[in-house]
Amino acid sequence: MTQGKKLLTVLGATGSIGVSTLDVVARHPDRYGVFALTAHRQVDKLFEQCRVHRPAYAVVDRAEDAQRLQAMLEGAGCCTEVLSGSNALAEVSAAPEVDMVMAAIVGAAGMVPTLAAARAGKRVLLANKEALVMSGALFMREVAASGATLLPIDSEHNAIFQALPAGFGGGVDGVEVTRILLTASGGPFRRKPLEELAAVTPEMACAHPNWVMGRKISVDSATMMNKGLEVIEAHWLFGAPAERIEVVIHPESVIHSMVAYVDGSVIAQLGNPDMRTPIAHAMAFPERVDAGVKPLDLFAIGQLNFERPDLDRFPCLALAYRALAEEGVAPAVLNAANEVAVGCFLDGALGFDRIPAVIAATLDAMNPSAADSLEVVLEADRWAREFAAGHIRKSLR
């Protein structure tokens, strides 16, 4: 590793965000190097990434997978050391050699290593929504205490960050911002008759019209829970109350989000739907580097359309606003119930149209409490998963 390079740990290297991050790294070998790559169970894909990028460490979930990967790497002459388990994820996120951590593990599993990176004062490239959804107050407190730099990777939040005034570092009240406008594609079922949603299959839900994403995130986009989680995330990132965060369906996915100001101005960030743009922006900030993204051709697009979201079609969006209003552990409960419901849908055990009902029932049954420690948040997450799974089992009898 050449002196002067910024070293990255990529949490969730084999997912779509991780792959895009490594593509940007490969385009700038003089600027960036890889300290650690992590994956859940995609050992073969992680092996290929380690062979190309030669990280000091690789981390997988299970010890048996770690042994297999270590043998593969040694056979290929690669000196990467393989670790396993959640403690190892936190270690490679907080290691002193690391400059930046790409937090791209999907779901609650990514919260602990992302928090470890924040506590260690790293530049945290936040693609994991759950760190803020589940423990927003706690996470932002750790960022402030450690002096970490938090840069959003979600295309919408990255767009908002770019549209806010230079040097923005607090709530929207101090910068004459009236509204944050989060754009949403509307997913694959924006025009599908409501009575047909019960017949939606996982394959249909994962066929996103604009973005290439993992299966869980694709389903969240189809229900618009993805956007609901982004509303909660925006609340914490930008110090904006829920009533000043508005969701706008924009099917072309060209305007990635907008910020409205008191003078009537609306500033938008536009680009082709390619996650390498926000990734490269956050990695190089405050500079800009080539991301390998095709230039936007406005003439080819021709027109841009905007719609209000229909909450009868997308009840998950309303549930997210409800959880944000209830505060405390409610967002963590919302997230956990959604993960369980989506997992059951992808396994063929729950109808697509039943996902919101599982989440609503879990929110109805929760015991409200303040999310003032990681232990409280994780316990709320555990309870919500257990309740949601039990609710689904009862409904199938």
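# Close-up views of a predicted model

**View 1. Helix 13 and helix 15 side by side.** The crossing of helix 13 and helix 15 is left-handed, a label used when the near helix is turned anticlockwise from the far one by less than a right angle (clockwise would be right-handed). You are looking at a predicted model, where local features need pLDDT of at least 70, side-chain atom pairs count only at pLDDT 80 or more, and totals for chains, interfaces and linings use all residues. Residues are numbered from 1 along each chain as its sequence is written, and side-chain values use heavy atoms, with hydrogens and water left out. Helices (H or I, at least four residues) and strands (E, at least two) are DSSP runs numbered from the N terminus.

Helix 13 covers residues 315–326 and helix 15 covers residues 355–365; they pack at an angle of about 20°, with axes 9 Å apart. That makes helix 13 roughly parallel to helix 15; angles under 35 degrees get that name, over 145 is roughly antiparallel, 65 to 115 is roughly perpendicular, and the rest are oblique. Axes here are lines fitted to C-alpha atoms, for helices over the stretch in contact, and angles run from 0 to 180 degrees between N-to-C directions. Pro315, Cys316, Leu319 and Arg322 of helix 13 meet Ile355, Pro356, Ile359, Ala360, Leu363 and Asp364 of helix 15, where contact means heavy atoms within 4.5 Å. Sorted by class, that's 8 nonpolar, no polar and 2 charged residues. Ala, Val, Leu, Ile, Met, Phe, Trp, Tyr, Cys and Pro count as nonpolar, Asp, Glu, Lys and Arg as charged, and the others, Gly among them, as polar.

**View 2. Helix 6 meets helix 10.** The axes of these two helices come within 8 Å and cross at roughly 20°. That makes helix 6 roughly parallel to helix 10. On the helix 6 side, look for Glu130, Leu132, Val133, Gly136, Ala137 and Met140; helix 10 brings Leu229, Ile232, Glu233, Trp236 and Leu237. The tally for this contact is 8 nonpolar, 1 polar and 2 charged residues. A handy rule: an α-helix has 3.6 residues a turn, so residues three or four places apart point the same way.

**View 3. Helix 1 next to helix 2.** Helix 1 (residues 16–27) and helix 2 (residues 43–53) pack at about 15°, and their axes are 12 Å apart. Val19, Leu22, Val25 and Ala26 of helix 1 touch Lys45, Gln49 and His53 of helix 2. By class, this contact has 4 nonpolar, 2 polar and 1 charged residues. In the loop between helix 1 and strand 2 (32–38) sits His28. His28 counts as buried because its relative accessibility is 11%; buried means under 20% relative accessible area, exposed over 50%, and partly exposed in between (1.4 Å probe, protein chains only). Skipping neighbours within four places in sequence, His28 is in contact with Val289 and Asp290.

**View 4. Around Phe352 in the nonpolar core.** The largest nonpolar core has 132 residues, and Phe238, Leu334, Phe352 and Ile355 touch the most other members. Its largest share, 12 residues, comes from helix 14 (residues 330–346). Such a core is a set of buried Ala, Val, Leu, Ile, Met, Phe, Trp, Tyr and Cys residues joined through side-chain atoms within 4.5 Å. Beyond neighbours within four places in sequence, the contacts of Phe352 include Phe189, Leu197, Val219 and Phe345.

**View 5. Helix 9, tucked inside.** In helix 9 (residues 215–223), 7 of the 9 residues are buried, so it is largely enclosed by the rest of the structure. These buried residues pack against helix 6 (130–146), helix 8 (202–205), helix 10 (225–238), helix 13, helix 14 and helix 15. Just after helix 9, Met224 takes a positive phi of about 70°. The C-alpha atoms of Met224 and Leu311 are separated by 9.6 Å, though the two are 87 residues apart along the chain.

View 6. Most residues other than glycine have a negative phi, and most peptide bonds are trans. The bond from Phe285 to Pro286, though, is cis, with omega near 10°. Pro286 lies in the loop between helix 11 and helix 12. Glu327, in the loop between helix 13 and helix 14, has a positive phi near 60°. At 56% relative accessibility, Glu327 counts as exposed.
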